[in-house]
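This briefing covers one protein chain. The sequence and structure come first, followed by lead sentences and then notes by topic.

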Amino acid sequence: MKSKIWSIFLSVCIIALLVSACSSSGNKPFKDLKSEEIASASVLLVPPGKTVNIDDVEQLTKYLNDIEIYERDDSYVDYCGQSITFYIKKTDGSELKVFDNNSFIVIDDIGYRCEYAPAEALSNYANSLIK
């Protein structure tokens with residue numbers, strides 16, 4: 001009888017761990033975005049306060065595909081530093097605004113914690129566009 005109870009308890013613990021692991025894993029909101037879906041794109045960098053049109057949307061798409069977000073978090077408004085905002089017009093007529101400050105990704109004014117390395121790569125890409 002004790003071994004049955006122990007087996008049930010162990011099974012419940014394993015299920016709880018699996019649910020916990022799945023809920024803390026990230027989501028890639030742009031993983032299915034294709035460059036053919038982007039009609040035009042630009043980026044605003046502050047500082048230096050410059051807007052740059054992005055001609056190579058394929059490169060932008062690669063960086064966006066790698067972005068991984070976690071829980072919603074609007075505390076990005078409390079942080080200082082460079083702000084990088086991408087404005088994307090899609091071929092279906094919809095528009096997308098993506099703000100990146102490395103610790104957060106804000107998609108259409110909804111903030112999320114994010115994986116640092118892909119957000120940093122996106123930031124570096126945006127800064128490389130300034131000539």
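At 44% relative accessibility, Asn27 counts as partly exposed, because that class lies between buried (under 20% relative accessible area) and exposed (over 50%), with a 1.4 Å probe and protein chains only. The model is predicted: local features need pLDDT of at least 70, side-chain atom pairs count only at pLDDT 80 or more, and totals for chains, interfaces and linings use all residues. Residues are numbered from 1 along each chain as its sequence is written, and side-chain values use heavy atoms, with hydrogens and water left out.

**Overall layout**

- The chain holds three helices and seven strands; these are DSSP runs numbered from the N terminus, with helices being H or I of at least four residues and strands E of at least two.
- Read from the N terminus, the order of elements is α-β-β-α-β-β-β-β-β-α.
- Of the 131 residues in the chain, 34% are buried.
- Taking contacts (heavy atoms within 4.5 Å) between residues at least 6 apart in sequence, 65% join residues at least 24 apart.

**The sheet**

- Seven strands form an open sheet in the order β2-β1-β4-β5-β6-β7-β3, with antiparallel pairing; two strands pair if DSSP finds at least two bridges between them.
- β2 (50-53) and β3 (69-72) are the edge strands, and each has a single partner, so one side of each has no neighbour in the sheet.
- From one strand to the next, the twist averages 25°; axes are lines fitted to C-alpha atoms, for helices over the stretch in contact, and angles between N-to-C directions run from 0 to 180 degrees.
- β1 (residues 38-46) pairs with β2 in the antiparallel sense over four bridges.
- Within this pair, Leu45 stands opposite Lys50 in β2.
- The hairpin of β1 and β2 has three residues between the strands, and Gly49 there takes a positive phi near 80°.

**Helices on the sheet**

- Helix α2 (residues 57-66) packs on the sheet and touches β1, β4 (83-90) and β5 (95-100), with its direction at about 70° to that of β1.
- Helix α3 (residues 116-128) lies across β1, β4, β5, β6 (104-107) and β7 (110-114), and runs at about 85° to β4.

**The α2 and α3 pair**

- The axes of α2 and α3 are 8 Å apart, and the two helices pack at an angle of about 160°.
- α2 and α3 are therefore roughly antiparallel to each other; angles under 35 degrees count as roughly parallel, over 145 as roughly antiparallel, 65 to 115 as roughly perpendicular and the rest as oblique.
- α2 passes α3 in a left-handed crossing, the term for a near helix turned anticlockwise from the far one by less than a right angle, with clockwise being right-handed.
- Gln59, Leu60, Tyr63, Leu64 and Asp66 from α2 meet Pro118, Ala121, Leu122 and Tyr125 from α3.

**Nonpolar core**

- The largest nonpolar core has 27 residues, of which Phe30, Val43, Ile54, Leu60, Leu64, Phe86 and Ile105 touch the most other members; such a core is a set of buried Ala, Val, Leu, Ile, Met, Phe, Trp, Tyr and Cys residues joined through side-chain atoms within 4.5 Å.
- β1, α2, β4, β5, β6, β7 and α3 each give two or more residues to this core.
- Not counting residues up to four places away in sequence, Phe86 touches Ser42, Val43, Ile54, Leu60, Leu96, Lys97, Val98, Leu122, Tyr125 and Ala126.

**Loop between α1 and β1**

- Asn27 lies in the loop between α1 (2-24) and β1.
- Beyond residues up to four places away in sequence, Asn27 touches Ile67, Glu68 and Ile69.
- Asn27 and Glu115 are 88 residues apart in sequence and 9.9 Å apart in space, C-alpha to C-alpha.
- Leu33 lies in the loop between α1 and β1, and at 9% relative accessibility Leu33 counts as buried.
- Leu33 touches Ile38, Thr61, Leu64, Asn65 and Lys90, with residues up to four places away in sequence not counted.
- Leu33 and Asn65 are 32 residues apart along the chain, and their C-alpha atoms are separated by 6.7 Å.

**Asn127**

- Asn127 is found in helix α3 and is partly exposed, with a relative accessible area of 29%.
- Leaving aside neighbours within four places in sequence, Asn127 is in contact with Leu45, Gln82 and Ile84.
- The C-alpha atoms of Asn127 and Val52 are separated by 9.9 Å, with the two residues 75 apart along the chain.
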